[in-house]
Amino acid sequence: MSNPTYFKRYRMELELRDLPPAPETPFGFDWTAWHPGLLNAHAQVKAQCFQEELDSFVFPSLGYFGGCLDLMRSIATRADFVPDATWLLVGPFGPCGTVQGLRDKYFGAIQNLGIVPDHRGRGLGRLLLLKALHGFRSAGLRKTYLEVTARNEPAVCLYRALGFRSTRTVYKPVHTIPQDALVTI
């Protein structure tokens, strides 16, 4: 096995008391609250959001549908799953954004916020994040956190603009397979 490559990630936290108002439904879009029947839809959108993105290298399960489906099953069946912070954003051509929430003691923990590439740059990620944050607050939580890969500058900027502050830097080791180790059969 090769030596790992380390990816710098920030843990960012936010107090939920001073949130901006809950987001309106954007014109042409709908919020879809969590329901177990949406497991596949969340997994499909998650795969579209993360495949070929940096985070699918850091977390390989994010790079393909089967991995995202396993991840969604794992999240949705946990005792600390927060349905109120789990949303699907549906646009004119189908689902285009996803976020999940977990409870970590006194914190809400944002999981896998993503907008499909064709819908990025429209402020939808901000709205989806706010929807999840309000869900945490309605579930009685006072603080939230997330982790983000430091090189994901658009996400880091979004989180900082909403008031998230870095509280810790962690390094995620990723073991890569050298090209010369691959064998074609």
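Helices here are DSSP runs of at least four residues, numbered from the N terminus. In this predicted model, helix H1 covers residues 39–50, and glutamate 52 follows H1 with a positive phi, near 65°.

The buried set consists of Leu39, Ala41, His42, Ala43, Val45, Lys46, Ala47, Cys49 and Phe50.

Attention now turns to strand S1, which spans residues 4–15 and holds arginine 11. With a relative accessibility of 10%, arginine 11 counts as buried, because that value lies under the 20% cut-off. Its side chain is joined to that of glutamate 13 by a polar contact of 2.9 Å. Beyond residues up to four places away in sequence, arginine 11 touches Phe107, Tyr145, Leu146, Glu147, Arg165, Ser166, Thr167 and Arg168.

Threonine 5 also belongs to strand S1. At 35% relative accessibility, threonine 5 counts as partly exposed. Setting aside neighbours within four places in sequence, the contacts of threonine 5 are with Lys172, Pro173 and Val174. For valine 174, the C-alpha lies 5.2 Å from that of threonine 5, although 169 residues separate the pair in sequence.

Key. Residues numbered from 1 in each chain as written. Predicted model: local features only at pLDDT ≥ 70, side-chain atom pairs only at ≥ 80, totals over all residues. Heavy atoms only, no water. Helix = DSSP H or I, 4+ residues; strand = E, 2+ residues; numbered from the N terminus. Buried < 20%, exposed > 50% of the residue type's maximum accessible area, 1.4 Å probe, protein only. Polar contact = N/O pair within 3.5 Å; in protein donor to acceptor, adjacent residues only side chain to side chain. Contact = heavy atoms within 4.5 Å. Expected span 1.5 Å × (residues − 1).
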